[in-house]
Amino acid sequence: MASKNGPVLPQEGKENILITSALPYVNNVPHLGNIIGSVLSADVFARFCRARGLPTLYICGSDEYGTATETKALSEGLDPATLCAKYHALHKDVYDWFRISFDKFGRTPTDEHTGITQEIFAQLWKNGFIEERETTQAFCAVPEHNTFLADRYVEGECSICHDLGARGDQCDACGNLLDPMQPDKNAAGEDESKGTGWLINPRCKLDGSTPERRKTKHLYIRLDELNKEITAWLDKVENGWSANCVAITRSWINNGLKPRGITRDLKWGVPIPKGLEGLSDEEYANKVFYVWFDACIGYASITKCYTDEGNLEGRNWEKWWKNPDNVTLYQFMGKDNVPFHTIIFPGTQLGTKEKWTQVNHLSTTEYLNYEGGKFSKSKGVGVFGNNARDTGIDPDVWRYYLLSRRPESGDSEFKWEEFIDSNNNDLLKNLGNLCQRVVKFCQAKLDAKVPAYPSTPIESLEEYKKEINQLLKEYNEQVKGTKLRAGLATVLSISAVGNKLLQDNKLSNQLLTEEPERCNAVINLALNLLHLIAGVLSPYMPGTAQSILRQIGLKAAEGESDIPVVIPDTWTADALKAGEPIGTPELLFSQIPAAKLEEWREAYGGEELRKQKAIEAEKAAAKKLQREKEKEKKKAKKEKERLAKEEAAKEAAAAAAAAGEAQPAAGETKELPLR
């Protein structure tokens with residue numbers, strides 16, 4: 001969304017807003033949870049900031065490097081570059097359909113990305129925040145391969161649950177982290193492992209051969225040495241973050257930050273820079289940076305591709321990313337991405353000793369589940385980006401539903417029944433009804449022109465203005481604070497006040513005949529309210545907002561596709577002037593038939609979801625039974641202990657009684673036996 005005058009850049013003396021959404025990994029199709037978790041939420045905020053007149057840049061792109069990409073490419077018979085190009089286009093197509101307004105949706109495999117990543121690493125190396133470690137790693141000695149293997153390239157039997165299809169990083173069957181080979185013992189006789197188990201009979205994923213154990217070197221970032229700087233930075237910025245985000249971040253700090261490996265034996269990634277003093281070029285010739293190290297750097301490199309397009313020496317990107325005094329950074333993501341954005345990337349920035357723009361506000365989401373189960377592309381469960389389009393329902397309705405269920409403080413659920421109800425009731429009967437009544441009445445009864453508002457204000461109508469302005473104030477505070485669900489609810493509250501205006505004043509032919517001045521005032525106020533509603537609705541439902549603006553008579557400037565939207569501090573109710581023509585009525589929403597409920601449920605995982613739920617129910621029942629058994633076991637143990645105590649008490653009492661009988665009473669002499 002670069003302007004005709006060039007890329008958006010920060011402006012002196014203004015509140016400059018830089019927005020990122022977590023880079024989606026491009027080895028699959030995004031599902032609705034992925035969409036609401038980052039890109040859609042960030043889009044709402046970006047549109048809001050632009051409508052508030054703030055210089056705003058919204059950056060995202062596809063995260064394309066790493067082992068997962070290489071393995072996916074193998075499974076599809078493609079090289080990584082071709083696979084990434086395929087999925088990048090697919091992601092972009094989905095986001096375009098959802099009306100996501102990126103200023104730039106870029107990619108990580110670029111010269112710009114390589115350059116900035118290597119620059120940052122060189123600074124970390126120079127400043128002493130990188131260390132080399134020798135490790136033992138799986139090596140495939142087959143001549144055609146002859147290389148160290150990344151963990152995911154080793155498969156075998158899980159040592160914990162004995163599933164035969166486990167990977168060298170994790171067993172999907174039991175969920176445990178694994179090592180690709182049984183770990184060595186250190187000097188203390190302890191396993192030097194990252195996981196809780198390892199692979200039995202490990203084999204190379206590519207050729208099936210048994211890998212050898214060989215020594216190799218890798219590079220680690222010294223997060224332990226950066227702990228003090230990271231903690232001091234967190235103390236300054238975390239107040240505006242969600243409780244869960246703070247808890248996740250602090251758990252890393254409390255557990256102690258440790259050096260973390262940043263290189264892998266792969267071909268698909270950013271190569272380690274050469275010519276650094278003290279670093280062997282030969283040792284790292286066949287290694288690349290681990291994807292989690294360079295992924296967040298993608299925000300800066302994609303910005304460079306936008307601000308300095310085609311100019312590798314350009315430094316306009318630094319006006320956004322090395323300008324903390326004039327730029328405020330908002331980042332949107334799901335909770336599983338939190339540590340990379342609150343510990344690792346900030347630590348990387350701090351380690352360069354340069355003045356970086358760092359995250360000020362971090363908005364995270366929990367998980368969106370699907371009809372009591374979980375999204376699964378392989379099993380056909382749930383709605384994925386391309387499926388939403390297949391339903392024939394306008395993207396704005398999807399945006400509304402997802403944002404109204406945004407999992408801000410806990411997991412939320414996608415339910416088809418609620419989806420249909422939100423369209424037929426929240427939208428059609430509230431917002432749709434208001435727009436239709438006002439525009440149709442003005443067109444049919446008032447010559448399709450904005451009527452005049454009386455020069456002497458009608459007191460009862462002025463009260464509606466006060467109520468609307470209070471709601472507008474709340475809305476601006478909510479959205480600026482990234483409370484997006486609350487902001488959307490407030491939009492509907494503003495629309496509800498509009499419907500109340502019509503009802504209270506009994507808008508009808510009779511009102512026009514008997515009180516024409518009041519009727520004109522009501523329609524004037526309602527048309528201007530629709531103008532405000534289009535503004536506050538535009539971040540959430542941009543297409544619907546454009547329809548409202550067309551209906552009330554506004555047009556896009558020549559050469560532009562969209563009518564400008566503005567979200568004011570105060571609603572003055574005079575944007576539309578008396579005598580101006582309005583547009584033609586359009587249906588904002590259409591009724592979704594109830595029959596669609598079962599059709600869509602079955603189409604998007606009905607049978608598989610029932611199986612999934614049955615398995616979950618069995619697991620829950622088994623856990624419940626186990627808990628009951630444990631409870632009974634504890635109860636039996638307590639009863640046994642109680643009986644034992646009672647028996648001991650009886651024996652003690654009997655012993656005491658026996659001892660009492662054996663003692664002579666006071667003043668009594670015990671007779672000695674005769675000898």
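## Briefing on the predicted chain

The chain exposes about 32400 Å², and carbon and sulfur atoms supply 49% of that area; accessible areas come from the Shrake-Rupley method with a 1.4 Å probe, and for residues only the protein chains shown count as cover. The model is predicted: local features need pLDDT of at least 70, side-chain atom pairs count only at pLDDT 80 or more, and totals for chains, interfaces and linings use all residues. Residues are numbered from 1 along each chain as its sequence is written, and side-chain values use heavy atoms, with hydrogens and water left out.

**Overall form**

- The chain has 20 helices and 17 strands, where helices (H or I, at least four residues) and strands (E, at least two) are DSSP runs numbered from the N terminus.
- The radius of gyration of the chain is 33 Å, whereas a compact globule of 675 residues would have one near 26 Å; the radius is taken over C-alpha atoms, and the globule rule is 2.2 Å times the number of residues to the power 0.38.
- Along its principal axes, the C-alpha trace spans about 135 × 90 × 50 Å.
- Of the 675 residues in the chain, 50% are buried (under 20% relative accessible area; exposed is over 50%, partly exposed in between; 1.4 Å probe, protein chains only).
- Among contacts (heavy atoms within 4.5 Å) with a separation of 6 or more, 76% are between residues 24 or more positions apart.

**Helix α6**

- Helix α6 (residues 243–254) has twelve residues and should span 16 Å at 1.5 Å a residue, which agrees with the 16 Å between its end C-alpha atoms; the expected span is 1.5 Å times one less than the number of residues.
- Cys245, Ile248, Thr249, Arg250 and Ile253 are buried in α6.
- The buried residues of α6 pack against α5 (227–237), α10 (338–351) and β15 (359–365).
- Glycine 256 follows α6 and has a positive phi, near 90°.

**Cysteines**

- The structure holds zero disulfides, a disulfide being a pair of cysteine sulfur atoms within 2.5 Å.
- Cysteine 435 is buried, with a relative accessible area of 1%, and its sulfur is too far for a bond because the closest cysteine sulfur, in cysteine 442, is 11 Å away.
- Cysteine 442 is buried at a relative accessible area of 0%; the cysteine sulfur closest to that of cysteine 442 is in cysteine 519, 9.6 Å away and too far for a bond.

**Annotated span**

- UniProt lists residues 458–485 as "coiled-coil region" in an unreviewed entry; UniProt positions are given in the numbering used here, feature names are shortened, and annotations may be inferred rather than shown by experiment.
- In the model, residues 458–485 are 86% helix and 0% strand, with end C-alpha atoms 34 Å apart.
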